[in-house]
Every structure is written in C-alpha cells, then in structure tokens.
Amino acid sequence: MPENFFILFKQELWLVAIIFFLLIIKLKTKQPAVTTLLNRINVLLLLNLISGFFFNEEGRLFGKMFVTNHLYVFEKNILNLAALLISLQSTKWLENHKHIIEFYVLLLSSLLGMFLMISAANLLMLYVGLELSTIPLAAAANFDLHKKISGEGAMKLIISSAFSSTILLLGISFLYGCTGTLDFSVINNLLQQQPLHIAAFLLFFVGLLFKVSAVPFHLWTADVYEGSPVAITSFLSVASKAAAMFAILNVLNKMVQPLFITWHTVLIWVALATIIIGNLFAIRQQNLKRLLAFSSVSQVGFMLLAASANSAVSNASIIYFILIYVFSNLAVFGVISLVSAALQKETITEYQSFYTNNKFLSWCLCIGFFSLAGVPPTAGFFGKLFLLMSAAQGITFVILTIAALNMVISMYYYLRVVKTVFAKNENIGMEKIAIPVYNKIALLICVIGILLTGVLSGAYSYIISLQ
Amino acid sequence: MKAVDIIFYCIATFVLTTGILAVTTRKIFRSAIWLLFCLMGVAALYFWMNANFIAAIQIAVYVGGIVVLIIFSIFLTQQSGNQMPKPNSLRIIVASVASLIGFGLLLQLYNKQVFQTTNKNFDIDIATLGKQLLSTDANGYALPFEVISMLLLAAMVGCIVIAMKASPTPPKEGLKKEEIL
C-alpha cells in the first residue's frame with residue numbers, strides 16, 4: 001500500500017465512512033429527531049464536497065485498478081455538488097418519509113459506484129462501478145412505497161439496466177477474448193480495425209449508451225423518471241448521466257483510440273438521432289418530469305456529438321457543459337420537488353399563473369429553463385456554444401446545422417413552460433408555497449452557478465488546464 | 001476428429017438444447033429445471049477446459065444457489081403447474097430471425113478473426129487464486145472484491161425497505177410492543 005493511499009482514495013473513503021456512520025445510527029435504538037438527522041447528513045455531505053478541493057494528488061492504487069488525477073477529482077467534485085444540492089432540495093420530501101437513512105445509504109452507495117467508474121482503469125472495475133451505481137438507484141426509485149407507478153418505474157429501471165449490463169458484459173468478454181487483458185492501456189495497444197474487435201467494442205459501447213439513455217436505448221427513461229420520487233429523478237438525470245458520460249469519455253480516450261474511425265461515425269449518428277428524437281418527444285409531454293426526461297435525452301445528444309471530435313478541447317467542453325447542466329437541471333428540479341412535495345402537482349397545466357404567488361420559485365424555474373434552452377447570458381448558451389464549436393472540427397456543416405436547428409426546437413418546449421408559469425390568469429394560480437431554508441440555499445446556489453459559470457471564463461480554462 | 005473435440009461438441013449440444021428448452025417450454029417450473037441442466041452443462045465445459053475451481057464455483061453458486069432461489073420464488077409467486085399463455089406467432093418469428101442473424105453474424109466474425117494460440121496453462125492453484133483475491137498489488141483483485149461487498153450491502157438495504165410492509169401502528173408503539181415481548 002503506497003504512503004499516500006489515504007489522499008488518493010479519500011473521496012471514496014469519505015463516502016464509505018458516511019455510509020457506515022448512517023448505518024450505525026440506524027442500528028441504535030434511540031433515533032435522533034428527523035431535522036437533526038437531516039442537518040447532520042447535510043453537514044457531512046458538505047464536508048465531503050469540501051474535502052475534494054484540498055490535498056489532491058495524482059496516482060494509481062490497487063495495481064492499476066484505480067487511477068486518480070486532478071481531472072477525475074474535479075469530476076467527482078461535480079458529482080458531490082450534485083448530491084449535496086439534491087439532498088438539500090429533498091429535505092421537505094424526506095421529512096415525511098420513514099426511511100431517511102436508507103435513502104441516503106442507497107444514494108451514497110450509488111455515488112461511490114460512480115466514483116469508482118470514473119477512476120476505473122480496468123474493465124472489471126468499470127463494470128462493478130457501473131452496477132454499484134445503478135442497482136441502489138433502482139431500489140431508491142421505489143421509495144414512494146405506496147405509489148404503484150413508483151414500483152413500476154423501479155422495475156423498468158432494474159430490468160433495462162440488467163439487459164444493458166448483459167450486452168456490456170458480452171462486449172467485455174469479447175474484448176477480453178480478443179486481447180487477453182482487462183486493462184485499458186493494454187487493450188488500447190492491442191485493438192485493431194478487425195471485425196471482431198469492432199463488434200466487441202460496439203456491444204460494450206451499447207451498454208454504456210444505455211446508461212446515458214441515448215437513442216435508440218432511451219425507452220426506459222421517461223417512465224422511470226415519471227415514477228420515481230423527484231429526488232431520485234433529479235439524481236438519475238444529473239449525477240447518473242454525468243457519471244456515465246465521464247466514463248464514456250474515459251473509455252473513448254484511454255481504451256479504443258485505434259477504433260477511432262468506427263466510433264466517430266457511430267457517435268455522430270447516435271448523437272443526431274438522440275437530439276432529434278429527444279426533442280420531438282419532449283414537445284408533446286404534459287408531465288414536467290417526462291418533459292425533463294426527454295430534454296435530458298436531447299442534451300446527452302449534444303454531448304455525444306462533441307465527444308465524436310476526440311480532442312482535449314471537446315472533452316473539456318463536455319465536462320464544462322455537464323457542470324452547467326448540473327446547475328440548470330437542479331434549478332428546475334429544485335422547484336419541481338418543492339411543488340411536488342407540497343401540493344403533489346407535476347403537470348405543466350397545473351403550473352398556470354405560478355408566478356402570481358410564487359415569484360422567487362418562478363424566476364428560478366425560468367432561469368433554469370433558459371439555461372437548458374441555451375439562451376444568453378445564462379451559462380447554458382456558452383455550454384452549447386463550446387460543445388458545437390468543438391464538435392465542428394470533425395463533422396460536416398449539414399450535421400452541425402441540424403444540431404443547431406434542434407436547439408431552436410428545444411426552445412419551443414422549454415419556453416412553453418416559462419410562458420405557462422408567467423401567463424396571467426386571475427382565476428387559477430397555485431397557492432403560495434413556503435420555501436424552507438435548505439431549498440432556498442440550494443436554489444440560490446444553482447441560480448448563481450448558472451449566471452456565473454457562463455460569464456466568468458475561469459471555469460472553462462480551469463478544466464482545460466486540468467487535462 | 002479427436003476425442004476432445006467430440007466431448008466438446010457433446011457438451012455444447014447439451015447446453016444449447018437445454019437452453020432452448022428453457023426459453024421455449026410453457027411451464028415455468030420446467031423452464032427453471034432446464035436452466036439448471038443448462039448451467040450444469042456450462043460447468044461441464046469448465047471441467048473440460050481444466051478450470052476446476054471455476055467449475056466448482058459454477059455448480060455451487062449457480063446450480064446450488066441461484067436456481068434454488070429461482071425455484072423458491074416460483075413456488076411463492078406463480079402457479080407453477082399452469083401453462084403460460086402462448087406467445088403470438090409474430091413474436092416467435094421475429095425472435096427466431098433475430099437470433100439466427102445474431103448467430104450468423106458471430107459465425108462470420110469468428111471466421112474472419114485470426115486467434116493467437118498460446119501454450120500457457122491455467123494457473124489452477126487455489127492458493128494463488130485466494131491470494132489474488134485479497135492482494136492489493138499489480139495482479140490483485142482486492143478492490144473489486146470489496147466494492148462488490150458494498151454493492152451487496154446496498155442491495156440488501158434496498159430490498160429490506162421495499163419488502164418491509166408499512167405497519168399501521170406508528171413506529172413508537174411498535175417498539176414498545178417488542179420490548180414487552
């Protein structure tokens with residue numbers, strides 16, 4: 001064991017420590033009061049986030065199974081931030097829930113899996129991390145225990161993820177058969193443009209595309225998002241997507257460079273299909289959670305389009321976009337979770353004249369949707385701009401134009417919600433919703449994040465400098 | 001054709017036949033039993049390859065554990081004697097065409113690929129395997145091993161929450177009753 005074990009492995013160790021701390025609390029006969037418990041957990045998560053910013057080193061552990069560097073630490077910090085924000089936003093829902101500790105154990109286990117997935121330098125670790133990140137979430141998707149739709153969502157998630165894991169495993173076993181190793185760098189040296197190698201890679205890649213719900217592997221997304229509690233939906237759409245995207249970038253850069261021609265083409269077509277179909281289906285959604293499901297599908301399409309460029313700039317712009325995506329999506333989900341916990345309302349029409357009584361929440365929702373749509377001066381505009389600019393290196397102008405046109409289409413369904421929220425109607429209008437302190441903090445962080453990460457160019461150049 | 005090849009084809013036919021029967025039979029209990037034979041066939045393949053340890057694990061975990069679990073859950077949830085509804089013919093056709101295409105594709109891929117042969121034998125010493133599982137060095141698998149234990153922990157917590165029925169009495173009273181008992 002190297003001397004700096006505790007520094008290299010600290011983020012994972014922190015999570016494991018919190019998980020066991022929670023389990024021990026659960027086992028005690030005297031349970032703390034709900035608010036105390038939530039306070040404690042949020043402080044722990046905050047400490048967890050802060051710890052990621054100090055004493056970072058690069059190195060590898062456990063042979064070559066686990067690799068860490070400044071970029072990976074930054075990616076994990078993004079995920080930590082997302083987990084903290086989601087935890088703050090869901091306090092209101094959790095206060096009435098019996099299984100708070102179990103919820104956090106599942107959430108943090110899933111986060112641990114994502115960390116290991118990002119740091120994996122070995123197919124075995126990647127697979128184990130992927131499973132650890134999905135299976136607890138499937139259980140957590142069922143946390144609205146009395147709702148049938150929640151159980152249905154969880155069932156769909158577990159079955160589709162089992163299906164995708166099978167395809168992924170088939171791909172891994174072919175890759176192992178072709179190269180005789182599971183190590184990323186060795187596979188990278190041995191792969192060639194041969195039919196079996198390409199087929200193995202494609203099978204493997206399909207498994208990963210399932211996790212980011214790229215078209216044609218997106219069918220589970222909307223149902224699972226609709227059924228799950230809002231906290232889990234936001235975790236699925238933000239953290240889970242981000243982690244799978246980081247893993248895809250990692251794999252493409254470190255493992256399959258010899259097959260660049262293949263995956264360049266595959267990515268472009270998948271990305272185009274994802275953007276177009278995600279957008280078209282989003283237009284006709286009435287439920288906000290379903291709308292956000294398809295919007296996240298189309299956002300992933302933009303990221304995949306940039307990933308096809310295979311350059312340091314495109315990687316940086318994807319990570320930058322994910323950071324913005326975390327802020328914007330969580331701003332929207334923050335409002336939705338509050339409304340859902342207070343009034344159980346989730347469809348767009350129910351948000352009519354939302355502005356009349358809820359000014360702050362409406363502005364948060366509006367800024368979040370503007371950022372998702374890519375309206376300047378919000379950060380979403382710069383994120384999309386950098387994505388398309390980096391993607392432009394390797395694709396024709398026709399494809400670029402189609403992607404840009406789709407941004408216009410997406411504006412329609414995002415702004416439709418904004419219009420509903422702000423349209424004045426004297427008779428209807430949602431009653432005033434009290435905003436707890438935690439939710440307010442989380443929403444403010446998101447809004448400030450959306451406004452600042454776009455204007456300050458520091459974030460983007462920081463990510464570039466990490467590579 | 002050498003005896004080794006003949007044995008291989010026998011085992012392969014056995015695995016394939018039982019596998020097909022497992023997915024085509026219309027009684028769910030029979031399906032589980034065919035799956036049991038299929039997994040035993042796979043174990044036989046491992047024995048054929050001289051990987052005794054993996055074969056033993058295959059029998060202990062899959063045949064002994066998972067199939068028994070499946071059979072238990074069939075008994076608890078399904079009416080095991082009843083026949084399942086017949087799948088419609090379009091589905092059968094599409095499924096068989098898809099699997100035939102998959103088979104043909106794989107066959108083509110294997111024919112095009114030049115595999116490197118090696119003279120290395122399996123390192124079948126169980127002591128080595130055990131050391132590797134717990135080693136943190138270059139060829140060690142301690143990390144995935146531990147991560148899987150976290151996965152099992154999380155899965156168990158999730159299962160318990162889902163399976164636990166919400167009690168009609170508030171939790172505090174429930175505790176008191178237990179204390180009295």
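Me: How many residue pairs are in polar contact between chain B and chain A?
Reply: The count is 4 residue pairs, both at pLDDT 80 or more. A polar contact is a pair of N or O atoms within 3.5 Å; within protein, one must be able to donate a hydrogen and the other to accept it, and residues adjacent in sequence count only if both atoms are side-chain atoms. This is a predicted model: local features need pLDDT of at least 70, side-chain atom pairs count only at pLDDT 80 or more, and totals for chains, interfaces and linings use all residues. Side-chain values use heavy atoms, without hydrogens and water.

Me: Which elements of chain B give two or more residues to the side that touches chain A?
Reply: Helix 4 (89-112) and helix 6 (142-163) of chain B. Helix 6 gives the most, with 13 residues. Helices are DSSP runs of H or I, at least four residues, numbered from the N terminus.

Me: And how many salt bridges between chain B and chain A?
Reply: The count is 0, where a salt bridge is a side-chain nitrogen of Lys or Arg within 4 Å of a carboxyl oxygen of Asp or Glu.

Me: What area is buried between the two chains?
Reply: About 2,700 Å², with 83% from carbon and sulfur atoms. Buried area is the accessible area (1.4 Å probe) that two parts lose on being put together, summed over both. Leu143(B), Met150(B) and Val161(B) supply 22% of the area that chain B buries against chain A, more than any other three residues.

Me: Switching to the fold, how many helices and strands in chain B?
Reply: Chain B has 7 helices and 0 strands.

How values were computed
Residues are numbered from 1 along each chain as its sequence is written. Chains are lettered from A and ligands numbered from 1 in the order in which they are written.
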